[in-house]
Amino acid sequence: MTPLVNENGRANLLGRPSKKVEDAAELAESAFDGFDRLKMPYEAAKALTNRAIAASRGGGGRAGDQALELLRRARVIFVQEENRHWPALIDFYRALVLARGGALDDAKKAARAARDAFIDRDLASRAVTAELMLARLELRTGDAETARTYAVRALNRLRDLALPALNQRAYLVLGQIEEVRGYPDAALLAYRECDEWLEQLRAQLRGEDLKIAFLSDKQAVYESLVHLTLSDHRRPRRLEAAFGYVEKAKSRGLADLLARGGQLKPRTRTGGELAE
């Protein structure tokens, strides 16, 4: 069974609970009990974190409160053990849980704490992830200018990092921000950069089925590219360009949009979901 937190501390706190999640929660609880009895606090704290992540997938409200309490307990243990890495990760996970529950101001505080700790520990890729979370949080609370500042900082950190996945995510966030700010040309440029990074990621995949599954997760990029390309009446052969993005997305919905002559409905960008 895939652990909820791997050796690099990565986790995805979003998504609907499933049988696998329930199994993972039971396994994490059993692991905590065992490590606690054996007086192994580091391993017990990791198990608590796994339980928190599983609990967070149960939704907001009571499940979110349970996840936050488990994360609090885990953080206390890691601090007592003088571990410098995990408290910052837990602040990041707390931000995700808080954001999911709608406590956006508290989520920002936790995300900033995580970002500062990552910077202090020279964990550039994690600092980028935290800044992108902050950008999306600011966008959700209506401050597109501050959101843009965070997104640009994230991109500046990425200049010396060979991380296509983070680059494409950063340009996606920047594109969404520029749309909200009312700068469609800047948004289109950002989405095109995102598309180029997606092409690098696509080239790393083997097998057409894997490529289709990967691109289906990036629907927002191609939806935005089609929307803005069709809206740019100055561009020659815009329908042909838009069709190229539809082909990349392999989206029946976008193909139907072109078949209707590109009739677009106004869209509202809220920054999307938050995920590591």
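**A chain of helices**

Author: Along the sequence the chain reads α-α-α-α-α-α-α-α-α-α-α-α-α. The model is predicted, so local features need pLDDT of at least 70 and side-chain atom pairs pLDDT 80 or more, while totals for chains, interfaces and linings use all residues. Residues are numbered from 1 along each chain as its sequence is written, and side-chain values use heavy atoms, with hydrogens and water left out.

Reader: How many helices and strands does the chain have, and what makes a run count as one?

Author: Helices are DSSP runs of H or I with at least four residues, strands are runs of E with at least two, and numbering starts at the N terminus. The chain has 13 helices and zero strands.

Reader: How do you know that the length of helix α5 agrees with its residue count?

Author: The expected span is 1.5 Å times one less than the number of residues. For the 17 residues of α5 (104-120) that gives 24 Å, and the end C-alpha atoms are 24 Å apart, so the two agree.

Reader: Why is Lys 108 called buried?

Author: Buried means under 20% relative accessible area, exposed means over 50%, and partly exposed lies in between (1.4 Å probe, protein chains only). Lys 108 has 9%, so the residue is buried. Lys 108 lies in α5, where the buried residues also include Leu 104, Arg 115 and Phe 118.

Reader: What covers the buried residues of α5, and which residues does Lys 108 contact?

Author: Contact means heavy atoms within 4.5 Å. The cover includes α4, α6 (124-140) and α7 (144-158). Apart from neighbours within four places in sequence, Lys 108 is in contact with Leu 134, Leu 137, Glu 138 and Thr 141.

Reader: What makes a set of residues a nonpolar core, and which residues have the most contacts inside the largest one?

Author: The members are buried Ala, Val, Leu, Ile, Met, Phe, Trp, Tyr and Cys residues joined through side-chain atoms within 4.5 Å. The largest core has 70 residues, and Phe 92 and Phe 118 have the most contacts inside it. Helix α4 (residues 86-100) gives the most to this core, with 11 residues.

Reader: Why is the pair of Phe 78 and Trp 86 called stacked, and what is the pair of Phe 92 and Tyr 93 called?

Author: Rings of Phe, Tyr and Trp (its six-membered ring) pair if their centres lie within 6.5 Å; planes under 30 degrees apart are stacked, over 60 edge-to-face, the rest tilted. The structure holds three such pairs. Phe 78 and Trp 86 have 5.2 Å between centres and 15° between planes, hence stacked. Phe 92 and Tyr 93, at 6.2 Å and 70°, are edge-to-face.
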